[in-house]
Amino acid sequence: SVRAPPPPTAVPVCSSQAGSSPRPRVATHRRRNTKSGREERRRADPLPFSSDRSPRLAEEAMASPALISDTEQWKALQAHVAAIQKTHLRDLMADADRCNAMTAEYEGIFLDYSRQQATGETIEKLLKLAEAAKLKEKIEKMFKGEKINSTENRSVLHVALRAPRDAVINSDGVNVVSEVWSVKDKIKQFSETFRSGSWVGATGKALTNVVSVGIGGSFLGPLFVHTALQTDSEAAECAKGRQLRFLANVDPVDVARSIKDLDPETTLVVVVSKTFTTAETMLNARTLKEWIISSLGLQAVSKHMIAVSTNLKLVKDFGIDPNNAFAFWDWVGGRYSVCSAVGVLPLSLQYGFPIVQKFLEGASSIDNHFHSSSFEKNIPVLLGLLSVWNVSFLGYPARAILPYSQALEKLAPHIQQLSMESNGKGVSIDGVQLPFETGEIDFGEPGTNGQHSFYQLIHQGRVIPCDFIGVVKSQQPVYLKGETVSNHDELMSNFFAQPDALAYGKTPEQLNSEKVPENLIPHKTFKGNRPSLSLLLPTLSAYEIGQLLSIYEHRIAVQGFIWGINSFDQWGVELGKSLASQVRKQLHGSRMEGKPVEGFNHSTSSLLARYLAVKPSTPYDTTVLPKV
């Protein structure tokens with residue numbers, strides 16, 4: 001079991017001593033879940049029923065569990081859509097008892113989902129769907145370390161990364177929590193040595209700048225947390241005089257930006273790659289290695305570069321001391337890895353380990369809530385069920401993530417990967433083609449910036465369910481004497497107003513009463529009935545940042561568990577990488593040996609020929625580093 005962590009202390013923690021139509025439309029399914037639809041799936045993928053397969057495999061395929069869409073609970077929700085289509089949020093919101101019932105609270109985090117196109121009956125049916133999907137059992141299997149990532153034969157244990165030291169979570173019979181804390185203790189010791197100035201570079205100077213090199217989950221999660229912590233007063237105090245930057249894109253412009261105005265003499269590079277073979281990451285790592293060598297010499301690499309990896313041989317071959325490599329495990333998916341050394345190491349170097357531990361404790365508190373609370377008041381479960389309702393029954397393919405906090409500006413990019421890489425699947429976990437849509441197109445921007453960008457579409461164009469995230473207390477409060485409200489109150493005025501504008505809209509009758517010219521009434525009419533939910537956090541310290549991360553991680557897992565897909569693999573990223581390797585060989589052959597372009601389709605061949613016709617911006621016989 002995972003026990004809830006103690007609440008965060010108020011003691012400074014920089015050092016170790018401180019502790020379209022207004023009505024929803026029904027989703028258009030690719031194939032109806034009827035007898036004919038199932039026959040169509042069998043014709044499209046005859047192999048599971050083929051005599052060419054062994055009898056055992058054929059028997060297993062025939063015995064595959066039914067899709068969730070075959071259940072009576074799913075069909076009951078499909079039938080229920082018609083009743084919801086006859087309602088409008090203006091009327092639903094007039095029911096105070098309904099509004100009060102559609103809330104949940106945990107440790108001061110308040111969820112209001114009364115502006116969802118749902119009634120009490122909808123929620124009851126969704127909870128029955130969760131039961132049919134065996135949601136509770138699936139959650140339990142995850143926390144017990146069972147290998148629920150069946151396509152890769154792995155446990156899914158990001159919860160172990162923030163579990164208390166005395167917790168027991170097993171994978172393959174081994175309590176992984178003790179392994180996690182061993183790495184965290186190593187990070188704590190190293191970060192204290194680094195931050196104290198005891199760790200010095202090749203010239204004897206203390207290192208104050210960190211560049212973390214990684215891509216995907218090795219970048220988006222840590223960047224989200226870093227950006228959120230930068231303006232927290234406690235974290236900012238701990239980070240004084242230091243810089244943390246991230247290098248992800250193999251585009252040389254990103255290299256130039258990441259090292260602009262940095263001196264190799266005072267810079268530490270953290271290379272984050274589990275296998276130490278990720279193409280983009282390792283090219284960027286070699287580039288920064290050359291940047292260091294060109295200024296300080298080859299011997300400086302071991303003092304100015306460390307690693308987060310499990311491939312100690314390649315780490316050593318690269319020139320990094322294996323003792324300065326920090327491990328993580330194959331039961332941690334990249335997009336779930338911010339609570340591992342992937343995020344904890346660079347964030348501890350910037351803010352100190354105690355601040356990062358508060359972040360981990362916040363995430364652990366939601367782990368406990370998710371694992372133990374009843375589904376009726378379980379925030380991640382409710383959010384996940386509502387997303388399934390919006391996507392698979394009401395047919396809304398997107399979700400807007402709208403934090404009314406500039407500190408959360410990198411939340412949406414992180415959730416894009418977390419959600420779309422997890423749930424962007426077309427087959428069930430058993431390999432059966434799905435007759436319904438899964439996953440959302442996630443996007444977002446902090447309020448009020450987004451209001452002046454894409455809210456026009458949200459209000460009068462397509463229906464896009466919205467997550468509004470607000471914070472009661474600002475990280476950086478500002479008030480100008482004589483102003484009507486403080487800066488934060490001005491921001492939050494919009495946080496409270498926008499969900500109502502989406503829900504209620506504005507009718508032609510209201511516009512007529514306001515004497516709006518007749519020709520403008522169609523343009524100024526807002527149909528409303530656009531769903532949203534509001535999540536209100538008490539503050540935004542490291543603890544709440546961890547809680548917010550964990551809420552979204554578990555919400556996305558709930559969606560996958562209901563849909564019956566594997567939210568923890570990502571085979572969809574492989575094909576493009578494989579094709580890129582062929583292009584890479586062609587570019588090398590053409591540049592170095594003058595080989596003609598061949599082996600590609602006409603369009604790609606033409607594009608490559610056009611690209612290669614221009615003399616490259618860098619010679620291929622000497623090293624060229626950024627000049628910015």
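Select V210 first: its bridge partner in β7 is L268. The model on screen is predicted.

**The parallel sheet**

Strand β5 covers residues 209-213 and strand β7 covers residues 267-272. They run parallel, and five bridges join them.

Next, show the whole sheet to which these strands belong. It is an open sheet of five strands with parallel pairing. Reading across, the order is β6-β5-β7-β8-β9. Which strands are the edge strands? They are β6, at 243-247, and β9, at 325-326, and each pairs on one side only.

Select residues 252-259 to see helix α11, which lies across β5 and β6. The direction of α11 is at about 175° to β6. Then select residues 341-351 for helix α15. This helix lies across β5, β6, β7, β8 and β9, and runs at about 145° to β8, the strand at 305-308.

Is F276 buried or exposed? It counts as buried because its relative accessibility is 4%, and the cut-off for buried is under 20%.

Show the residues around F276 next. Leaving aside neighbours within four places in sequence, F276 is in contact with V271, M282, A307, S309, N311, L314, V315, F318 and I320. Pick L314 from that list and look at its C-alpha. In sequence L314 and F276 are 38 residues apart, while their C-alpha atoms are 6.5 Å apart in space.

**The mixed sheet**

Move to the other sheet, starting with A104. In β2, the bridge partner of A104 is L111. Strand β2 takes in residues 109-112, and four bridges join it to β1, with the two strands running antiparallel.

Six strands form an open sheet in the order β1-β2-β13-β12-β10-β11, and the pairing is mixed. At the edges stand β1 (103-106) and β11 (441-444); each has a single partner strand, so one side of each is left without a neighbour in the sheet. On average, neighbouring strands here are turned by 15° against each other, direction ignored.

The crossing in which α9 passes α23 is right-handed.

Show the side chains where the helices meet. From α9 there are F224, V225, A228 and L229; from α23 there are A542, I545 and L549. The residues of this contact divide into seven nonpolar, no polar and no charged.

**Cysteines**

Finish with C99 and C339. Are they buried or exposed? C99 counts as buried at 15% relative accessibility, and C339 is buried with a relative accessible area of 2%. How many disulfides does the structure hold? It holds zero.

Technical notes:
Residues are numbered from 1 along each chain as its sequence is written. This is a predicted model: local features need pLDDT of at least 70, side-chain atom pairs count only at pLDDT 80 or more; totals for chains, interfaces and linings use all residues. Side-chain values use heavy atoms; hydrogens and water are left out. A crossing is left-handed if the near helix is turned anticlockwise from the far one by less than a right angle, and right-handed if clockwise. Contact means heavy atoms within 4.5 Å. Ala, Val, Leu, Ile, Met, Phe, Trp, Tyr, Cys and Pro count as nonpolar, Asp, Glu, Lys and Arg as charged, and the others, Gly among them, as polar. Two strands pair if DSSP finds at least two bridges between them. Axes are lines fitted to C-alpha atoms, for helices over the stretch in contact, and angles run from 0 to 180 degrees between N-to-C directions. A disulfide is a pair of cysteine sulfur atoms within 2.5 Å. Buried means under 20% relative accessible area, exposed over 50%, partly exposed in between (1.4 Å probe, protein chains only).
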